[in-house]
Amino acid sequence: MTLVTDVRLRRILDSRGNPTVEADVLTESGGFGRAAAPSGASTGEFEAIELPPSESIAATRERALPRLIGEVHAGNQREVDNALRAADGTENFSEIGANSAVAISMAAAKAGADVLGAPLYQHLGGAFRGGDFPTPLGNVVGGGEHAAKATHIQEFLSAPVGAPSIDEAVFANAAVHARVAEILDDRDIAAAKGDEGAWAPAVDDSEAFEIVDEAVSDVEDDLGFEIRAGLDVAAAELYDEDDDVYRYGDKERSTDEQIDYIADLVDEYDLVYVEDPLDENDYDGFAELTDRVGDRTLICGDDLFVTNVERLQTGIDEGAANSILIKPNQIGTLSDAFDAIELATQHGYDSVISHRSGETEDTTIAHLAVATAAPFIKTGAVGGERTAKLNELIRIADDAV
Ligand SMILES: C=C(OP(=O)(O)O)C(=O)O
Ligand SMILES: [Mg+2]
(Lines give C-alpha, C1' and ligand atoms only; values in the text may rest on other atoms or scores of the structure.)
(Ligands and ions follow the chains in the order given, each with its own letter.)
Protein backbone atom coordinates (compact mmCIF):
# COMPACT_ATOMS: atom_id res chain seq x y z
CA MET A 1 0.00 0.00 0.00
CA THR A 2 2.78 2.41 0.80
CA LEU A 3 5.02 1.27 -2.06
CA VAL A 4 6.65 4.40 -3.46
CA THR A 5 5.57 4.87 -7.08
CA ASP A 6 7.03 8.28 -7.80
CA VAL A 7 9.44 10.84 -6.34
CA ARG A 8 9.46 14.32 -7.81
CA LEU A 9 12.11 16.92 -7.01
CA ARG A 10 12.13 20.64 -7.73
CA ARG A 11 13.86 23.88 -6.76
CA ILE A 12 11.76 26.24 -4.65
CA LEU A 13 12.55 29.47 -2.77
CA ASP A 14 13.60 29.48 0.85
CA SER A 15 13.02 32.35 3.29
CA ARG A 16 16.31 34.04 2.31
CA GLY A 17 15.32 33.94 -1.35
CA ASN A 18 17.79 31.17 -2.09
CA PRO A 19 16.89 27.99 -3.94
CA THR A 20 16.26 24.85 -1.95
CA VAL A 21 15.00 21.33 -2.71
CA GLU A 22 11.37 20.27 -2.42
CA ALA A 23 10.36 16.61 -2.76
CA ASP A 24 7.01 14.96 -3.47
CA VAL A 25 6.60 11.26 -2.67
CA LEU A 26 3.64 9.35 -4.12
CA THR A 27 2.54 5.85 -3.17
CA GLU A 28 0.69 2.98 -4.81
CA SER A 29 -2.54 3.62 -2.95
CA GLY A 30 -2.59 7.36 -3.65
CA GLY A 31 -0.61 8.51 -0.59
CA PHE A 32 1.15 11.84 -0.99
CA GLY A 33 3.84 13.66 0.99
CA ARG A 34 5.66 16.90 0.25
CA ALA A 35 8.62 18.33 2.18
CA ALA A 36 11.41 20.86 1.66
CA ALA A 37 14.97 21.11 2.91
CA PRO A 38 15.98 24.05 5.12
CA SER A 39 19.45 25.60 4.95
CA GLY A 40 21.88 26.90 7.56
CA ALA A 41 24.12 29.99 7.55
CA SER A 42 26.18 29.26 10.66
CA THR A 43 26.71 25.68 9.62
CA GLY A 44 28.84 23.27 11.63
CA GLU A 45 32.07 21.96 10.17
CA PHE A 46 30.87 18.37 10.61
CA GLU A 47 27.40 18.68 9.07
CA ALA A 48 26.20 16.54 6.17
CA ILE A 49 26.83 18.27 2.86
CA GLU A 50 24.29 20.54 1.23
CA LEU A 51 24.93 20.63 -2.54
CA PRO A 52 23.72 23.40 -4.83
CA PRO A 53 20.05 22.39 -5.33
CA SER A 54 20.25 21.80 -9.09
CA GLU A 55 23.32 19.61 -8.64
CA SER A 56 21.74 17.73 -5.76
CA ILE A 57 18.51 17.14 -7.70
CA ALA A 58 20.37 15.85 -10.77
CA ALA A 59 22.54 13.48 -8.71
CA THR A 60 19.55 12.26 -6.70
CA ARG A 61 17.51 11.58 -9.83
CA GLU A 62 20.33 9.53 -11.24
CA ARG A 63 21.51 7.66 -8.15
CA ALA A 64 18.65 7.49 -5.65
CA LEU A 65 15.36 7.45 -7.51
CA PRO A 66 15.97 3.99 -9.09
CA ARG A 67 16.48 2.63 -5.55
CA LEU A 68 13.31 4.27 -4.26
CA ILE A 69 10.62 4.09 -6.98
CA GLY A 70 8.92 0.69 -6.94
CA GLU A 71 11.49 -0.49 -4.37
CA VAL A 72 10.72 0.99 -0.93
CA HIS A 73 7.65 1.68 1.20
CA ALA A 74 6.87 5.18 2.45
CA GLY A 75 5.50 3.69 5.67
CA ASN A 76 8.83 2.00 6.37
CA GLN A 77 11.04 4.95 7.23
CA ARG A 78 14.22 2.95 7.84
CA GLU A 79 13.85 1.26 4.44
CA VAL A 80 13.53 4.65 2.72
CA ASP A 81 16.43 6.17 4.64
CA ASN A 82 18.67 3.13 4.15
CA ALA A 83 18.01 3.36 0.41
CA LEU A 84 19.01 7.03 0.46
CA ARG A 85 22.22 6.19 2.33
CA ALA A 86 23.03 3.28 -0.01
CA ALA A 87 22.39 5.45 -3.07
CA ASP A 88 24.77 8.10 -1.77
CA GLY A 89 27.45 5.77 -0.45
CA THR A 90 29.25 8.38 1.70
CA GLU A 91 28.99 9.21 5.40
CA ASN A 92 27.96 12.80 4.78
CA PHE A 93 25.70 12.68 1.72
CA SER A 94 28.30 14.44 -0.38
CA GLU A 95 27.19 12.61 -3.56
CA ILE A 96 23.46 13.35 -3.66
CA GLY A 97 23.34 16.17 -1.09
CA ALA A 98 21.73 16.10 2.33
CA ASN A 99 19.24 18.66 1.02
CA SER A 100 17.60 16.21 -1.42
CA ALA A 101 18.02 13.34 1.05
CA VAL A 102 16.25 15.09 3.91
CA ALA A 103 13.48 16.42 1.66
CA ILE A 104 12.77 12.88 0.39
CA SER A 105 13.07 11.36 3.87
CA MET A 106 10.53 13.82 5.33
CA ALA A 107 8.21 13.63 2.30
CA ALA A 108 8.18 9.83 2.56
CA ALA A 109 7.18 10.08 6.23
CA LYS A 110 4.32 12.38 5.28
CA ALA A 111 3.21 10.01 2.51
CA GLY A 112 3.29 7.13 5.01
CA ALA A 113 1.12 9.14 7.41
CA ASP A 114 -1.23 10.05 4.58
CA VAL A 115 -1.82 6.41 3.68
CA LEU A 116 -2.53 5.61 7.34
CA GLY A 117 -4.84 8.61 7.64
CA ALA A 118 -2.85 9.59 10.74
CA PRO A 119 -1.22 12.88 11.63
CA LEU A 120 2.53 12.85 10.97
CA TYR A 121 3.45 13.05 14.67
CA GLN A 122 1.41 9.91 15.32
CA HIS A 123 2.90 7.99 12.39
CA LEU A 124 6.37 8.92 13.65
CA GLY A 125 5.73 8.62 17.38
CA GLY A 126 2.93 6.10 17.80
CA ALA A 127 -0.63 6.10 19.01
CA PHE A 128 0.16 7.45 22.47
CA ARG A 129 1.95 10.60 21.33
CA GLY A 130 0.29 14.01 21.14
CA GLY A 131 0.03 14.84 24.83
CA ASP A 132 3.44 16.39 25.41
CA PHE A 133 4.41 19.66 23.81
CA PRO A 134 7.83 21.29 23.64
CA THR A 135 8.64 24.68 25.10
CA PRO A 136 9.28 26.92 22.10
CA LEU A 137 12.54 28.88 22.18
CA GLY A 138 11.83 32.13 20.31
CA ASN A 139 14.61 34.17 18.76
CA VAL A 140 13.88 37.81 19.69
CA VAL A 141 17.24 39.58 19.22
CA GLY A 142 20.18 38.40 17.18
CA GLY A 143 23.13 38.93 14.94
CA GLY A 144 26.15 36.76 14.23
CA GLU A 145 25.87 35.09 10.85
CA HIS A 146 22.15 35.90 10.70
CA ALA A 147 22.39 39.70 10.48
CA ALA A 148 25.15 42.17 9.60
CA LYS A 149 26.31 44.81 12.09
CA ALA A 150 24.27 43.48 14.99
CA THR A 151 25.13 41.49 18.15
CA HIS A 152 28.10 39.12 18.29
CA ILE A 153 26.04 36.47 20.08
CA GLN A 154 23.88 34.94 17.37
CA GLU A 155 20.55 34.49 19.19
CA PHE A 156 18.89 35.87 22.31
CA LEU A 157 15.95 33.55 23.00
CA SER A 158 12.72 33.81 24.94
CA ALA A 159 11.78 30.59 26.78
CA PRO A 160 8.26 30.53 28.29
CA VAL A 161 9.01 27.57 30.56
CA GLY A 162 5.98 28.15 32.79
CA ALA A 163 3.38 28.46 30.02
CA PRO A 164 0.35 26.30 30.73
CA SER A 165 -0.18 25.41 27.05
CA ILE A 166 1.64 25.50 23.74
CA ASP A 167 -0.76 28.18 22.57
CA GLU A 168 0.13 30.47 25.49
CA ALA A 169 3.82 29.71 25.05
CA VAL A 170 3.80 30.66 21.37
CA PHE A 171 1.96 33.92 22.06
CA ALA A 172 4.31 34.71 24.95
CA ASN A 173 7.31 34.61 22.61
CA ALA A 174 5.53 36.86 20.13
CA ALA A 175 4.78 39.25 23.00
CA VAL A 176 8.45 39.33 24.06
CA HIS A 177 9.41 40.03 20.44
CA ALA A 178 6.92 42.92 20.36
CA ARG A 179 8.10 44.24 23.75
CA VAL A 180 11.71 44.26 22.50
CA ALA A 181 10.56 46.50 19.63
CA GLU A 182 9.03 48.96 22.13
CA ILE A 183 12.15 49.03 24.28
CA LEU A 184 14.34 49.60 21.20
CA ASP A 185 12.04 52.43 20.20
CA ASP A 186 12.22 53.98 23.69
CA ARG A 187 16.01 53.89 23.41
CA ASP A 188 15.89 55.37 19.91
CA ILE A 189 17.60 52.34 18.43
CA ALA A 190 16.61 51.44 14.88
CA ALA A 191 16.59 47.74 14.09
CA ALA A 192 16.04 45.61 11.03
CA LYS A 193 15.28 41.92 11.37
CA GLY A 194 17.74 39.07 10.93
CA ASP A 195 17.21 35.89 8.95
CA GLU A 196 15.05 34.27 11.62
CA GLY A 197 12.85 37.31 12.27
CA ALA A 198 14.70 38.43 15.42
CA TRP A 199 15.46 42.13 15.89
CA ALA A 200 18.99 42.86 14.78
CA PRO A 201 19.99 46.15 16.42
CA ALA A 202 23.50 47.59 16.21
CA VAL A 203 24.03 47.31 19.99
CA ASP A 204 26.74 45.57 21.92
CA ASP A 205 25.89 42.25 23.54
CA SER A 206 25.65 43.76 27.04
CA GLU A 207 22.90 46.14 25.91
CA ALA A 208 21.10 43.29 24.14
CA PHE A 209 21.11 41.38 27.45
CA GLU A 210 19.55 44.38 29.23
CA ILE A 211 16.85 44.75 26.57
CA VAL A 212 15.94 41.08 26.46
CA ASP A 213 15.96 40.80 30.25
CA GLU A 214 13.57 43.75 30.53
CA ALA A 215 11.26 42.45 27.78
CA VAL A 216 11.11 38.96 29.29
CA SER A 217 10.35 40.34 32.79
CA ASP A 218 7.65 42.68 31.49
CA VAL A 219 5.86 39.95 29.56
CA GLU A 220 6.29 37.53 32.46
CA ASP A 221 4.56 40.07 34.74
CA ASP A 222 1.78 40.62 32.20
CA LEU A 223 1.08 36.96 31.55
CA GLY A 224 1.69 35.58 35.02
CA PHE A 225 3.86 32.58 34.17
CA GLU A 226 7.60 32.03 34.15
CA ILE A 227 9.56 33.17 31.11
CA ARG A 228 13.34 32.90 31.01
CA ALA A 229 16.03 33.89 28.56
CA GLY A 230 18.41 31.70 26.58
CA LEU A 231 21.21 32.06 24.05
CA ASP A 232 22.72 30.56 20.97
CA VAL A 233 26.27 31.89 21.18
CA ALA A 234 27.26 30.08 17.96
CA ALA A 235 30.78 30.36 19.34
CA ALA A 236 32.44 28.49 16.47
CA GLU A 237 31.77 31.62 14.41
CA LEU A 238 33.57 33.78 17.01
CA TYR A 239 36.49 31.43 17.54
CA ASP A 240 39.80 32.29 15.87
CA GLU A 241 41.64 28.99 15.58
CA ASP A 242 44.99 30.55 14.69
CA ASP A 243 45.13 32.72 17.80
CA ASP A 244 43.03 30.41 20.00
CA VAL A 245 40.72 33.23 21.10
CA TYR A 246 37.07 34.16 20.82
CA ARG A 247 36.67 37.52 19.07
CA TYR A 248 33.77 39.80 19.95
CA GLY A 249 34.70 42.67 17.64
CA ASP A 250 37.79 44.23 19.24
CA LYS A 251 37.40 42.24 22.43
CA GLU A 252 39.16 38.88 22.73
CA ARG A 253 38.52 36.11 25.21
CA SER A 254 40.72 33.08 25.83
CA THR A 255 38.90 29.75 26.30
CA ASP A 256 39.11 30.10 30.10
CA GLU A 257 37.74 33.62 29.88
CA GLN A 258 34.97 32.44 27.57
CA ILE A 259 33.96 29.76 30.09
CA ASP A 260 33.98 32.33 32.93
CA TYR A 261 32.03 34.80 30.79
CA ILE A 262 29.27 32.29 29.94
CA ALA A 263 29.09 30.95 33.52
CA ASP A 264 28.67 34.54 34.78
CA LEU A 265 25.94 35.23 32.19
CA VAL A 266 24.04 32.11 33.28
CA ASP A 267 23.91 33.44 36.83
CA GLU A 268 23.44 37.13 36.05
CA TYR A 269 20.54 36.59 33.65
CA ASP A 270 19.23 33.30 35.04
CA LEU A 271 19.63 31.73 31.61
CA VAL A 272 17.72 28.50 31.10
CA TYR A 273 19.50 27.56 27.87
CA VAL A 274 22.92 28.15 26.31
CA GLU A 275 23.69 26.69 22.89
CA ASP A 276 27.20 26.38 21.45
CA PRO A 277 29.00 28.44 24.11
CA LEU A 278 32.36 27.12 22.86
CA ASP A 279 33.97 26.08 19.61
CA GLU A 280 32.66 22.98 17.80
CA ASN A 281 35.89 21.06 18.48
CA ASP A 282 36.16 21.90 22.16
CA TYR A 283 34.61 18.94 24.01
CA ASP A 284 36.81 19.73 27.04
CA GLY A 285 35.56 23.30 27.26
CA PHE A 286 31.95 22.11 26.95
CA ALA A 287 32.60 19.56 29.71
CA GLU A 288 34.11 22.15 32.04
CA LEU A 289 31.23 24.58 31.53
CA THR A 290 28.66 21.79 31.95
CA ASP A 291 30.36 20.84 35.18
CA ARG A 292 30.11 24.42 36.42
CA VAL A 293 26.56 25.37 35.43
CA GLY A 294 24.90 22.24 34.02
CA ASP A 295 22.89 21.80 37.22
CA ARG A 296 20.99 25.03 36.53
CA THR A 297 20.93 25.48 32.78
CA LEU A 298 20.93 23.50 29.57
CA ILE A 299 24.22 23.49 27.73
CA CYS A 300 23.28 22.48 24.20
CA GLY A 301 25.51 21.21 21.41
CA ASP A 302 24.53 22.27 17.90
CA ASP A 303 27.69 22.68 15.82
CA LEU A 304 29.35 20.41 18.42
CA PHE A 305 27.07 17.40 17.78
CA VAL A 306 25.51 18.15 14.34
CA THR A 307 22.73 15.61 15.10
CA ASN A 308 25.35 12.87 14.75
CA VAL A 309 25.23 9.87 17.13
CA GLU A 310 28.99 9.38 17.07
CA ARG A 311 29.70 12.97 18.03
CA LEU A 312 26.94 12.82 20.65
CA GLN A 313 28.44 9.61 22.09
CA THR A 314 31.79 11.40 22.46
CA GLY A 315 30.01 14.20 24.30
CA ILE A 316 28.24 11.73 26.58
CA ASP A 317 31.54 9.97 27.32
CA GLU A 318 33.26 13.25 28.17
CA GLY A 319 30.37 14.91 30.01
CA ALA A 320 30.21 17.65 27.38
CA ALA A 321 26.82 19.45 27.35
CA ASN A 322 23.53 18.08 28.66
CA SER A 323 21.41 18.78 25.63
CA ILE A 324 21.53 18.35 21.84
CA LEU A 325 20.12 20.41 19.01
CA ILE A 326 18.36 18.24 16.44
CA LYS A 327 18.36 19.48 12.85
CA PRO A 328 17.37 16.71 10.42
CA ASN A 329 19.22 18.33 7.51
CA GLN A 330 22.48 18.33 9.49
CA ILE A 331 22.53 14.55 9.23
CA GLY A 332 20.36 13.87 6.18
CA THR A 333 17.49 11.57 7.23
CA LEU A 334 14.71 11.34 9.78
CA SER A 335 15.98 7.92 10.92
CA ASP A 336 19.36 9.44 11.80
CA ALA A 337 17.66 12.30 13.64
CA PHE A 338 15.54 9.80 15.60
CA ASP A 339 18.62 7.79 16.52
CA ALA A 340 20.26 10.94 17.91
CA ILE A 341 17.14 11.81 19.94
CA GLU A 342 16.95 8.28 21.33
CA LEU A 343 20.60 8.19 22.33
CA ALA A 344 20.19 11.60 23.96
CA THR A 345 17.11 10.52 25.90
CA GLN A 346 18.82 7.34 27.13
CA HIS A 347 21.60 9.46 28.62
CA GLY A 348 19.47 12.23 30.10
CA TYR A 349 20.32 14.78 27.41
CA ASP A 350 17.38 17.03 26.44
CA SER A 351 16.61 17.21 22.71
CA VAL A 352 15.87 20.58 21.16
CA ILE A 353 14.29 20.17 17.72
CA SER A 354 15.40 23.05 15.53
CA HIS A 355 14.71 25.03 12.40
CA ARG A 356 17.50 26.51 10.26
CA SER A 357 18.06 30.18 9.48
CA GLY A 358 16.97 29.49 5.88
CA GLU A 359 13.52 27.91 6.11
CA THR A 360 10.38 27.08 4.14
CA GLU A 361 6.74 26.61 5.09
CA ASP A 362 7.51 22.95 5.88
CA THR A 363 6.15 21.89 9.30
CA THR A 364 7.86 18.52 9.78
CA ILE A 365 9.90 19.65 12.80
CA ALA A 366 6.72 20.53 14.73
CA HIS A 367 5.55 16.92 14.28
CA LEU A 368 9.00 15.55 15.07
CA ALA A 369 9.03 17.42 18.39
CA VAL A 370 5.61 16.07 19.41
CA ALA A 371 6.40 12.56 18.11
CA THR A 372 9.50 12.35 20.30
CA ALA A 373 8.10 14.31 23.28
CA ALA A 374 11.10 16.62 22.94
CA PRO A 375 11.22 19.15 25.78
CA PHE A 376 12.12 22.11 23.51
CA ILE A 377 11.72 23.31 19.95
CA LYS A 378 13.67 26.23 18.50
CA THR A 379 11.79 27.72 15.61
CA GLY A 380 11.74 31.50 15.92
CA ALA A 381 9.01 33.77 17.23
CA VAL A 382 7.56 35.55 14.19
CA GLY A 383 7.77 35.44 10.39
CA GLY A 384 5.79 33.17 8.05
CA GLU A 385 8.27 30.32 7.76
CA ARG A 386 8.63 30.36 11.60
CA THR A 387 4.91 30.69 12.40
CA ALA A 388 4.25 27.79 10.01
CA LYS A 389 5.80 25.49 12.64
CA LEU A 390 4.40 27.34 15.67
CA ASN A 391 0.87 27.36 14.26
CA GLU A 392 1.19 23.67 13.42
CA LEU A 393 1.96 22.98 17.09
CA ILE A 394 -1.21 24.86 18.03
CA ARG A 395 -3.17 22.77 15.50
CA ILE A 396 -1.69 19.53 16.83
CA ALA A 397 -2.76 20.51 20.35
CA ASP A 398 -6.22 21.29 18.98
CA ASP A 399 -6.31 17.91 17.21
CA ALA A 400 -6.81 19.75 13.94
CA VAL A 401 -4.09 18.42 11.63
C1 LIG B 1 19.44 27.79 13.55
C2 LIG B 1 20.74 28.08 13.56
O3 LIG B 1 21.33 28.74 12.54
P4 LIG B 1 21.78 28.09 11.16
O5 LIG B 1 20.57 27.45 10.57
O6 LIG B 1 22.26 29.27 10.38
O7 LIG B 1 22.83 27.08 11.48
C8 LIG B 1 21.60 27.72 14.69
O9 LIG B 1 22.81 27.96 14.66
O10 LIG B 1 21.12 27.12 15.66
MG1 LIG C 1 23.02 27.02 16.76
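Is Ala 181 buried, exposed or partly exposed? With 15 other C-beta atoms within 10 Å, Ala 181 counts as partly exposed; the cut-offs are 20 or more other C-beta atoms within 10 Å of a residue's own for buried, 12 or fewer for exposed, and partly exposed in between, with C-beta atoms placed from the backbone. Ala 181 is found in helix H6 (residues 166-186). Helices (H or I, at least four residues) and strands (E, at least two) are DSSP runs, numbered from the N terminus. Ala 181 and Leu 51 are 130 residues apart along the chain, and 37 Å separates their C-alpha atoms.

This is a predicted model, in which local features need pLDDT of at least 70 and side-chain atom pairs count only at pLDDT 80 or more, while totals for chains, interfaces and linings use all residues. Residues are numbered from 1 along each chain as its sequence is written, and chains are lettered from A and ligands numbered from 1 in the order in which they are written.

**Sheets and strand pairs**

Strands S1, S2 and S3 form an open sheet of three strands, in that order, with antiparallel pairing. Strand S1 (4-13) and strand S3 (32-36) are the edge strands, and each pairs on one side only. From one strand to the next, the twist averages 15 degrees; axes here are lines fitted to C-alpha atoms, for helices over the stretch in contact, and angles run from 0 to 180 degrees between N-to-C directions. Strand S2 (residues 19-27) runs antiparallel to S3 and is joined to S3 by five bridges. Within this pair, Val 25 stands opposite Gly 33 in S3.

Helix H1 (residues 53-63) touches S1 and S2, and its direction makes about 170 degrees with that of S1. Helix H4 (residues 98-116) touches S1, S2 and S3, and its direction makes about 35 degrees with that of S2.

Another open sheet of three strands has the order S9-S10-S11, again with antiparallel pairing. Strand S9 (239-240) and strand S11 (251-253) stand at its edges with a single partner strand each, so one side of each has no neighbour in the sheet. Asp 240 has Val 245 in S10 as its bridge partner.

Strand S15 (residues 350-354) pairs with strand S14 and with strand S16, as listed below. Four of the five residues of S15 are buried, so the strand is largely enclosed by the rest of the structure. Ile 324 has Ser 351 in S15 as its bridge partner, and Ser 354 is partnered by Lys 378 in S16. Two strands pair if DSSP finds at least two bridges between them.

| Strand pair | Sense | Bridges |
|---|---|---|
| S14 (residues 323-326) and S15 | parallel | four |
| S15 and S16 (residues 376-378) | parallel | three |
| S9 and S10 (residues 245-248) | antiparallel | two |

**A helix pair**

Two packed helices are described by the angle between their axes and the distance between the axes. For helix H10 (residues 309-318) and helix H12 (residues 334-346), the axes come within 9 Å and cross at roughly 15 degrees. H10 and H12 are therefore roughly parallel to each other; angles under 35 degrees count as roughly parallel, over 145 as roughly antiparallel, 65 to 115 as roughly perpendicular and the rest as oblique. In this contact, Val 309, Leu 312 and Gln 313 of H10 meet Asp 339, Ala 340, Leu 343 and Ala 344 of H12. Residues are in contact if their C-beta atoms, placed from the backbone, lie within 7 Å.

**Single residues**

Val 216 lies in helix H7 (residues 205-223) and counts as buried, with 29 C-beta neighbours inside 10 Å. Apart from neighbours within four places in sequence, Val 216 is in contact with Ser 158, Val 176, Ile 227, Arg 228 and Ala 229. Val 216 and Ala 36 are 180 residues apart in sequence, and their C-alpha atoms are 33 Å apart in space.

Most residues other than glycine have a negative phi. Phe 93, which is not a glycine, has a positive phi of about 60 degrees. Phe 93 lies in the loop between helix H3 (77-88) and H4, and counts as buried with 30 C-beta neighbours inside 10 Å. Asp 270 also has a positive phi, near 50 degrees. Asp 270 is in the loop between helix H8 (255-268) and strand S12 (273-275), and is partly exposed, with 13 other C-beta atoms within 10 Å.

Key
Two residues are in contact if their C-beta atoms, placed from the backbone, lie within 7 Å.
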